[in-house]
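Reader: I am new to this structure and would like to learn how to read some of its features. Could you take me through them one at a time?

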Amino acid sequence: MKRKNEKISIRYTNTKYDNLKLLDSKELYDTAMEQAMHELKYRGIDVELELEEMLERIQGRMIYPSKVYLHGDKIEIIKSNLIMIDLDGYDGKIDELYKRGLSNLSVGYIHSPSHVPGKPIRCRLIFIIDTAITNNDTYLYLREIVTESLSKLGLEHPVLDTSNANATDIIRIGHGYKVYNPEARIEFELFKDEVEEKVDEKRRKREEKLQRDQGRYYIYTCDELIDRANFIKKHKSLEIYDDWKRLILSLVDYYRSEFINADELEDIAVALSTDSRKKVLYGKGGLLSLINTETLDITIGTFIWTSNKLGYRPTYEIVNNRVRVGKIENETEIENAEELELEDGKYITKDMAKEWLVDIRSRLIEAPPNSGKTTALMSAMKELAYKEKRPVIYIMSVPSIPLVDSLIDIDNKVVGYYGTMEDTGSVEEFAEKEISRGIRIFVTTYDKTKDLMVQLYRITKFLAVEIIVDECHQLAQNYQFRNKAISGLLDISRHIKIGLSGTPEPVLTNSLFTIHTNIKKQKSAINAYLYNVYTYTNKDNEDALCATINAIKEPLLKREPVLLFVGKEKSIDFIINHVREVKGLESINISKIVSEKKNENQAYRDIVDKKEWPKGVDLIVSTNVISEGISIYSKYNSHIFLLASANMSPFFDKYLIRQSASRFRDNYYSFNLIIKEYETDEEVKLYDYQAGANTAIYYGSRMAENLNESFEDFSESQRDKVVLGDLAEYYGVSYDREADYFEFDEFYLRQKMVELQCRYYMSHRHSLVNEIGNMLGKGINKVYDVTYQNKSEKKKLTIEELKSREENQKVRSQKRDELENYLTKDAYDGYKRGDKHYIKKLEKSMNKEQFETFRAIHLLVDYESCLKIVSKVTRAAEIHKFEKCLAVVDELNKRAINHKGNDTDEDLIIKVFAKVIGLSKENRRVHITKPQFDNYIEATAHTVKFNVRQIKSMVNQYFSVGSGKVEKDENGKSVNTKDISLWTTDSIAEYFGIEETIVKKALTIFSQSRKVGGE
């Protein structure tokens, strides 16, 4: 038996809309209705309530009878256990109706908004399902069965509303209700087979239709159909009813095929209809009656053919948005977008910002640095809150304390909340004190926003608390690392009014914003005169830091200000300790910024408080602490450098690099990227973040949906044993045991996509430097070689340095020996959860190459296998060994599947070398001497007409080439030996000492992640 759902899931409006009939005109009524529907859709309150509390709460309001989420502009059901069916103008006594058996099904009724006491009853019958429904088709067919049951009690159309309604249809509620049997429940188990049969039949018909139409026509977007409708109306007379009706029927068929929803159908029909036709759109023979027509012998082709015949030609943007039938449509970007261009020297105005703040829609504002977006919004908030007395409290939510400091304006009643007792007291005391002083604008950090908003909501009588999120791309970018802070902010996302960002790609999602405003400047997006690239051929170790010193020494010798971004504090200390060894730089003034604590750093205090370059400072070396949001006004001859090194400064996040390049708000001389040498003839292939994120989000959301559907059949004991696999975790799916519900975390997945993007650019550096140029609006001025020459420049090691090196080797050896003491099962699980305690502990306790290996593979394999793989790593070159092996097998598998008869160069080399050394299905491993290996390489090169170097490189990539024991050759001479096999799942398993099933599972996850990443 399934457990009863005692609580009812709904979404309702905060505002009451029970007096709409009192409005003077139809225009006012329509406007109020539109506002009410918009509030419910985008800012509705989601709750789960007991029956009586629910009935009290919803009176006079609008509701969805379900828990829902926004997918684009479309509302999707999460779960529902509430059905309401209209009973209009019933002349009989309602009490007798319940006595005749209705109380066995319905708990009671609630009045419709237009019910007048003393007149025939107009109400909504209330039914509660004992099992939460998670699929709209299931909901529809169950509602249909309930309606049929009512007809047996003598209730029929028009008294009983027999039209079927979705779980996401809006219901208006009046005042007054009566409960007859609070225990009445619709037992889903009794109707389950019948409902599932109807759902399956509908799914089969849709799949058959899609199969028939495969490749023949497109899924047309609502925007295109509206565009076509306007074109038809302009070029063809639709006063003849049959012409208009035929086109409407064409659209109705498209709606019934579920390619557009009811709201979209209505929008297209209105665009198609003339003024005279609009009057009968909802009347007899109009749109709503046509929707319920039993059979249609017309398709969307009629509508498309009509517009094409009249001469309609779609724009490139419209064609580009079409999706061929059968292909997954993964639109998660904000569909409503607008572009504004600022003239040279102009900034975003206060009036523009006021329009955004009073607009009912939530808005993502993309604007380049130095466009005045934050300044304009702060001015607009002050005017709306204090001069115009608008009944709103504003919270500016920012990622860091320095940004709080920079926005506080005590004179103009903008106060900051830091969340520490010594600064502001408890949040309750702070909120009550400031509200009593008349404060209406607050600035706080992400992690304190939810607590502050809850208290402001509690103590104030104002209608709204609205949140403006600065640097909102960080919600996805840093989701895993600041999970608690960002999750708290997302919990109150319906209060987010505006998001600000210069690099908004990670948060181009409908789940937060309904419109995307892109502010462009006529001039390039960066104030720098030049964009330079500095490369080095050294390994990514301390030599890379020496190369960085070579890069920055020229402007420093001229005493030109240099801001250098480096990703690790240890690397910063090395640079500071050695830059003064350069002749002429012995006396330069250096400031190090690695903390947000202003009191500890005078230079940092000057930057945050005065927004100017600190006096007397030549070089500032900083982590990403000041890479975003901080404005620094400096001289024209200033320079910004950023080191992107895999081991010493892992800054490969293109959004972070773009933000770092914009810290100087005045014109400055150069932005300079320091990076390891790359192949200039490598194809520039930019990482498609949005495509990867869209695909991953689609799979993750579908996975959660399917799990919830199948979960209904689980028994109590089976539910208690649920353990999700790595693939589900990879796609952001988790199981809430308390709620018995599988949740999908979109922002976890978006952060993972940012991480994959960084890893992509770490190895595709030529693509990265070009992408940065695109983002900065600058071509590369010059590429400099700043390779550190070890032999000529490196000093001899002193006795102390030799001892230190020897001691370091001992420490490294000890860490390797004690790996199992650090990398425990608890630490493994804690790291996967994003627990900062375990992350810091593992990074500190493990050797760097082993920690980096663990970080790369922890989502691919289980704990025991992870421990074995990590224990084999002894040097930096082995960090990505396991992933590279998976990549080879994945590539070989894809080639085998897609092979069309013609071998590629790689295929030919693999086949020839395997044949030369004697590898086969029966003989999967070959043991040969080193001289034999060299001879086989040369023989292969001769056969396929490639040079020896290319063959050796290819063999090392596709084959496991292991060193064997030293043996005696036929002449008694000692020779090295090699064990060679083609990389397969079993050879990978043997090499790393793990089970082949684990390798196959890891390969599945790895292969899917490559698809998602767009590589």
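Author: We will go through confidence, then a sheet, then a pair of helices.

Reader: What is the mean pLDDT of the protein?

Author: This is a predicted model. Its mean pLDDT is 80, and 83% of the residues reach 70 or more. Over residues 1–5, however, the pLDDT is below 50, and this stretch has 17 contacts beyond near neighbours in sequence. Residues 791–797 also stay under 50, with 9 contacts beyond four places in sequence. Where pLDDT is low, the predicted coordinates should not be read in detail.

Reader: In what order do the strands of the open sheet lie?

Author: The order is β2-β1-β3-β8, 4 strands with antiparallel pairing. At the edges are β2 (45–49) and β8 (171–172), each of which pairs on one side only. Within the sheet, β1 (residues 8–12) is joined to β3 (residues 62–64) by 2 bridges. Y12 has I63 of β3 as its bridge partner.

Reader: How do the axes of α38 and α39 cross?

Author: Two packed helices are described by the angle between their axes and the distance between the axes. Here the axes of α38 (residues 905–917) and α39 (residues 930–944) come within 9 Å and cross at roughly 135 degrees. The two helices are therefore oblique to each other, and their crossing is right-handed.

Reader: Which residues make the contact?

Author: On α38 they include L908, V912 and F913, and on α39 they include F933, Y936 and I937. The contact residues of this pair divide into 11 nonpolar, 2 polar and no charged.

Methods: Residues are numbered from 1 along each chain as its sequence is written. This is a predicted model: local features need pLDDT of at least 70, side-chain atom pairs count only at pLDDT 80 or more; totals for chains, interfaces and linings use all residues. Side-chain values use heavy atoms; hydrogens and water are left out. pLDDT is the predictor's confidence in each residue, from 0 to 100. Contact means heavy atoms within 4.5 Å. Two strands pair if DSSP finds at least two bridges between them. Axes are lines fitted to C-alpha atoms, for helices over the stretch in contact, and angles run from 0 to 180 degrees between N-to-C directions. Angles under 35 degrees count as roughly parallel, over 145 as roughly antiparallel, 65 to 115 as roughly perpendicular and the rest as oblique. A crossing is left-handed if the near helix is turned anticlockwise from the far one by less than a right angle, and right-handed if clockwise. Ala, Val, Leu, Ile, Met, Phe, Trp, Tyr, Cys and Pro count as nonpolar, Asp, Glu, Lys and Arg as charged, and the others, Gly among them, as polar.
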